[in-house]
Amino acid sequence: MNVDNNRILKDKTFDKSRWMQMPRNVVVGHDALLQIPGIIDDLGVAGPILLLSGATTMQTVGARVAGLLEGRPVTTCLVGRITYDEIQRVEDAAKEAGSVLIIAVGGGRVIDTAKVVSYNLDIQFVSVPTAASHDGIASSRASVVTDAGNVSVAAQPPLAIVADTGVIATAPHRLLAAGCADIIANYTAILDWELSHRLTGEAISEYALTLSKITAEILVKNADLVSHNDETAAWIVVKALFSSGIAMSIAGSSRPASGGEHKFAHMLERLAPGVALHGEACGLGTIIGMYLHGGDWKGIRTSLRRIGAPTTPKDLGISNETCVEAVLRACEIRPERFTIFDTGITREAAVAVVEALYEV
Ligand SMILES: NC(=O)C1=CN([C@@H]2O[C@H](COP(=O)(O)OP(=O)(O)OC[C@H]3O[C@@H](n4cnc5c(N)ncnc54)[C@H](OP(=O)(O)O)[C@@H]3O)[C@@H](O)[C@H]2O)C=CC1
Ligand SMILES: O=C(CO)COP(=O)(O)O
Ligand SMILES: [Zn+2]
């Protein structure tokens, strides 16, 4: 059942109420894909299935999953950029097929689309990440692209997650490194949340905050193990992505894993669409955010380098000017979320931080 926390919280009777939704079955490991039919049976969801995947992933993992579901009523649907129009198109496809279950096989865009569509139609979905590239694999939030920038919307967390480490280990290393950077972003997301708590009185959840923090710490401790692609690396990163997603579900918002570095990343995506992966842009934003907080930004940079993630605008293939613009305009994204990027950064300061990124 989908949950409208805002509606619940507006009702005085439920002032202290929060409904946290978590996945029920989580299967991680080699050949985990083979468990999908059994998991569907275990969930007790019988009926037409909508299989969502991306243009690349449909040809490989999507096709494998379709093969595993042979004999069941399955309709396939490709997912593009996650906009409200795209969500509507997928919703129409699900309605037309009479789908009772969505299986999302792919990266963050495909999984987020499934989360919103299943929430809107009040049906279940199973998350099958093909890469460890983002921490949305388990969360109850989805990031939707609008003309005004990315918005974080309430969505349905997956009823089950099937993370095949064999599949994830064969994805390009760039995707794994991006997922690690999305986790390392938790360091500044937390600092921003605490800053907002002190300056604006925004409520914090100590549980969500602590889980988000230790997730980033454990990942950094294992940085050398995730510097190359193998199933051990896939395991370590998937566990971190799951844990970070649960922190978001506990908070009922993406706050524990998305602060100013994410606002910067969303602005960068608007200024230079498709150039950087989500996690890559977040990693760069984390170095900048930590610099602005006066924290150990070089330590963040070292961790990202060890993992093989980009740490300068040049690494990402964008100009310093575009990066400066993203620093200055990050505050336009989700203005209600107060962060270090919302403190009136001058152009001189933005230029200085971008130049510092190249310091040895
Ligand atoms: N809801 C939440 O809490 C969160 C949401 N997000 C969102 O997730 C998205 C970012 O996720 P990300 O995965 O980086 O981006 P994408 O979903 O865009 O995937 C990036 C690329 O990787 C490809 N890919 C995926 N798996 C494989 C594979 N095994 N082999 C080869 N290529 C592969 C995809 O192919 P294809 O063409 O098939 O798609 C796509 O081209 C953003 O929209 C972001 O906002 C991020 C973090 C948290
Ligand atoms: O990407 C996220 C956490 O890693 C959450 O997404 P938003 O920045 O859209 O809230
Ligand atoms: Zn993110």
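This is a predicted model: local features need pLDDT of at least 70, side-chain atom pairs count only at pLDDT 80 or more; totals for chains, interfaces and linings use all residues.
In the UniProt record, an unreviewed entry, the feature "binding site" is placed at Asp 135, Asp 182 and His 266. Asp 135 lies in the loop that joins β5 (124-129) to β6 (141-146), and with a relative accessible area of 6% this residue falls below the 20% limit and is therefore classed as buried. When neighbours within four places in sequence are set aside, the contacts of Asp 135 are Asp 182, Ile 183, Asn 186, Leu 241, Ser 244, Gly 245, Met 248 and Ala 257, a list that includes Asp 182, itself a position of the annotated feature.

Asp 182, by comparison, belongs to helix α7, which spans residues 173-184, and its relative accessibility of 0% also places it among buried residues. Apart from residues up to four places away in sequence, Asp 182 touches His 134, Asp 135, His 262, His 278, Gly 279 and Cys 282.

Most residues other than glycine have a negative phi. Asp 31, however, has a positive phi near 60°; this residue is located in the loop between β1 (25-29) and α2 (36-43) and is partly exposed, its relative accessible area being 31%. Asp 122 likewise has a positive phi, near 55°, and is found in the loop that runs between α5 (108-121) and β5, where a relative accessibility of 41% makes Asp 122 partly exposed.

Definitions and conventions:
Residues are numbered from 1 along each chain as its sequence is written. Chains are lettered from A and ligands numbered from 1 in the order in which they are written. Side-chain values use heavy atoms; hydrogens and water are left out. UniProt positions are given in the numbering used here, feature names are shortened, and annotations may be inferred rather than shown by experiment. Helices (H or I, at least four residues) and strands (E, at least two) are DSSP runs, numbered from the N terminus. Buried means under 20% relative accessible area, exposed over 50%, partly exposed in between (1.4 Å probe, protein chains only). Contact means heavy atoms within 4.5 Å.
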